[in-house]
Amino acid sequence: MYTWTDPALGVSPTDFEATGVDGETVGLRWFTKDGAVSEAAVVYLHGGGVIVGSIDDSAFRIAEYVRSTGVAVLAVEYRLAPEHPHPTPVEDCFAGLSWLVEHASELGADSARVAVMGESAGGGLAAGVALLARERGVALARQILVHPMLDDRTTAPDPELVPFGVWNYDMNFTGWNALLGDAVGTDAVPPSAAPARASELSGLAPAYIEVGELDIFRDEDMEYARRLAAAGVSVEFHVHPGCPHAFDGAAPDADVVARAMADRTRVLARL
């Protein structure tokens, strides 16, 4: 088995930097397939409950997306809570999107074919970036949300899901509390922090959303997909039966993982 740095994978990284809303440096890594030319590009946001994780942790997965689709990916090393609570993580991610749009031509990308993608907490951040992009007039081709963490109010345990809590309710409260502090669960939480809070979803980028049937994010993701569709936003939505949170990492050789990965790469390849 190769690692993402193995030449056999045929993916090369280049490090860049953006400037955050507070003037601090935000690390970026641009992944491209060797010998490939792609005008489409994706801003990728890693998972980890907004409290752990890094580009390095997700590099192999990112490299697999790039290898299989030829689409270039810009990963953002957003700062983590609780040291950096909201709005720093989502603003760092938006800074990555803005940097890519600004530098698209020199990277060989088309600024009209830029998407945002995230998994778990990164999926929630991607949805938040999509909301900010609409608000700030930045074009976004698609939002790709993989079992996204969207709602800080998901803290009351569902007894049917508790036994399958790879990411459980206590962990969920810890992540949201780190990001939001005393505001968690109150009306003071803004949509850019918890996208399920958004009252108006029209005009957002087309969405791809997937979640496992046994994931504690299932209901919030289903509701977000429903509300996007009701607002006139094109949505592709999948619930994977019998699957907990982050099932693709737990059982990478399972048939359902192959189907999920095929869907994700299909969406990426069509940007």
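**Terms for the views.** On a 1 Å grid over the protein atoms alone, a cavity is a set of points where a 1.4 Å probe fits but cannot get out. A pocket is an open set with protein on both sides within 12 Å along at least five of seven lines. Lining residues have an atom within 4 Å of a point. Grid points are joined across faces, edges and corners, and a volume is the space filled by probe spheres set on the points. This is a predicted model, in which local features need pLDDT of at least 70, side-chain atom pairs count only at pLDDT 80 or more, and totals for chains, interfaces and linings use all residues. Residues are numbered from 1 along each chain as its sequence is written, and side-chain values use heavy atoms, with hydrogens and water left out.

**View A. The largest cavity.** The model holds two cavities of 30 Å³ or more. The largest has a volume of about 50 Å³. Its lining consists of Val-50, Ala-121, Gly-124, Leu-125, Met-149, Trp-176, Leu-179, Ser-192 and Ala-193. Two or more of these residues come from each of α3 (121–136) and α4 (169–180). Helices here are DSSP runs (H or I, at least four residues), numbered from the N terminus. α3 gives the most, with three residues. By class, seven lining residues are nonpolar, two are polar and none is charged. Nonpolar means Ala, Val, Leu, Ile, Met, Phe, Trp, Tyr, Cys and Pro; charged means Asp, Glu, Lys and Arg; the others, Gly among them, are polar.

**View B. The second largest cavity.** This space is about 30 Å³. His-86, Pro-87, Pro-89, Val-90, Leu-125, Leu-179, Ser-192 and Ala-193 line the second largest cavity. Six of its lining residues are nonpolar and two are polar, with no charged residue.

**View C. The largest pocket.** The volume of the largest pocket is about 770 Å³. Of its 29 lining residues, Tyr-44, Arg-61, Glu-119, Asp-248 and Gly-249 are the closest to the centre. α1 (55–69), α6 (247–250) and α7 (255–269) each supply at least two lining residues. The largest share, eight residues, comes from α1. The pocket lining has 11 nonpolar, 12 polar and six charged residues.

View D. Cys-93 is buried, at 1% relative accessibility. Cys-243 is buried too, with a relative accessible area of 4%. Buried means under 20% relative accessible area (1.4 Å probe, protein chains only). The whole structure has zero disulfides, a disulfide being a pair of cysteine sulfur atoms within 2.5 Å.

How values were computed. Buried means under 20% relative accessible area, exposed over 50%, partly exposed in between (1.4 Å probe, protein chains only).
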